[in-house]
2 protein chains.
Amino acid sequence: MKSDKISEAVVRRLPVYLRYLNELHTREVPTVSSQELGQKLDLNPAQIRKDLAYFGDFGRKGIGYDVSYLIEKIRHILKLDQQINVALVGAGNLGHALSNYNMYLKETMKIVAVFDSLEPKVGSMINTLVVQPIEELGATVKAKSIRIGIITVPNIEAQRVADQLIEAGIEAILNFAPIILKAPPHIRVHTADFTTDLLSLAYYLEDGKEHETNE
Amino acid sequence: MKSDKISEAVVRRLPVYLRYLNELHTREVPTVSSQELGQKLDLNPAQIRKDLAYFGDFGRKGIGYDVSYLIEKIRHILKLDQQINVALVGAGNLGHALSNYNMYLKETMKIVAVFDSLEPKVGSMINTLVVQPIEELGATVKAKSIRIGIITVPNIEAQRVADQLIEAGIEAILNFAPIILKAPPHIRVHTADFTTDLLSLAYYLEDGKEHETNE
């Protein structure tokens with residue numbers, strides 16, 4: 001099961017499945033069909049069956065997928081059955097929001113350190129973490145076995161922070177700055193973008209309605 | 001060109017194409033091949049050609065896509081060649097981050113009103129906008145021809161805010177609360193989820209490395 005065998009699109013859909021499966025599990029729903037998953041998640045059921053078939057023969061015809069079993073399998077595939085430590089760089093509004101959000105996560109992926117380069121932010125608290133100066137990044141990444149870095153600094157600082165994270169030995173980066181980062185091929189970089197979600201929504205607006213109220 | 005003819009996955013990829021095309025345009029690159037787009041965006045070139053073929057025959061063999069023309073076409077398809085007004089409900093850290101982010105957008109989709117239900121936040125400024133009490137939602141949506149609502153309130157308030165947005169006449173919702181919202185079928189709801197990006201990154205981490213430092 002190597003990363004080059006499964007497309008990024010599939011890997012990105014797995015957490016979406018996982019979220020809904022967790023919800024079903026909370027509601028004590030034992031099984032779910034690909035039709036139901038498809039309807040709920042706005043995906044083609046055939047696509048879902050194909051996605052899940054990458055990882056083995058989970059589903060049973062006429063019964064569907066065993067929710068608990070599928071959760072366990074996806075968690076294993078996504079390596080969520082092990083603790084993965086994350087560092088966040090940039091203690092601004094977005095950094096705060098992500099840290100708060102992370103507190104809700106049942107997953108074993110945890111923000112264990114927050115860094116900033118600005119004097120007033122360093123030393124302040126985000127949840128239970130003290131914001132550390134960026135100079136401590138290297139030592140902390142090693143001490144806390146941090147493997148993933150989240151970048152929530154302004155655009156102009158993002159590439160420098162990425163370089164520092166890579167230098168510190170991080171393996172993957174989630175970048176929230178709306179720029180494309182340069183990184184060596186062994187470092188996985190995902191760029192998160194609110195605007196992708198927002199802009200694609202406009203497609204579904206009704207044509208012509210924008211004139212209604214202004215005429 | 002109706003919404004039911006193009007899959008959500010395709011519509012969601014268009015802003016990703018657009019972002020990179022805008023970057024090429026800034027760098028004055030006149031044409032781009034599906035191979036290059038694919039490499040840069042981690043997508044299959046055949047998938048890209050198929051996606052863009054939905055909207056007409058843009059590419060020319062051996063030359064590639066005209067960057068300016070493709071930008072214009074995608075903007076038109078996504079309805080970004082018209083002003084679309086957006087309301088944000090929830091003036092917390094995430095609401096602030098999104099509003100700041102929105103200031104950078106060249107797109108015509110703009111947050112034109114921010115609402116909150118909490119006393120200390122109401123009346124404060126986010127960029128150039130005064131945070132309004134949620135009671136003013138209905139009147140403001142009408143007065144400002146707002147068509148999309150962004151929800152950045154705590155989970156427990158998200159469904160109520162969604163109901164208020166729908167009642168106010170909004171057509172689509174971008175929800176940042178990690179819950180699944182109920183909405184009538186004519187209202188398009190996208191749920192944004194940081195964790196999808198973050199969790200899918202773990203897949204690309206090297207196996208076994210998590211034991212290295214703790215043994």
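The model is predicted: local features need pLDDT of at least 70, side-chain atom pairs count only at pLDDT 80 or more, and totals for chains, interfaces and linings use all residues. Residues are numbered from 1 along each chain as its sequence is written, and side-chain values use heavy atoms, without hydrogens and water.

**Interface**

- Contact (heavy atoms within 4.5 Å) involves 66 residues from chain A and 67 residues from chain B.
- About 6900 Å² is buried between the two chains, with carbon and sulfur atoms giving 66%; buried area is the accessible area (1.4 Å probe) lost on putting two parts together, summed over both.
- Tyr101(A), Tyr203(A) and Tyr204(A) supply 12% of the area that chain A buries against chain B, more than any other three residues.
- Between chain A and chain B there are zero salt bridges, a salt bridge being a side-chain nitrogen of Lys or Arg within 4 Å of a carboxyl oxygen of Asp or Glu.

**Sheet of chain B**

- Seven strands form an open, mixed sheet in the order β5-β6-β4-β3-β7-β8-β9 (chain B); strands are DSSP runs (E, at least two residues), and two strands pair if DSSP finds at least two bridges between them.
- β5 (125-126) and β9 (188-191) of chain B are at the edges with a single partner strand each, so one side of each has no neighbour in the sheet.
- Strands β7 (residues 146-151) and β8 (residues 172-175) of chain B run parallel and are joined by four bridges.
- Ile150(B) has Leu174(B) as its bridge partner in β8(B).

Technical notes:
Chains lettered and ligands numbered in written order.
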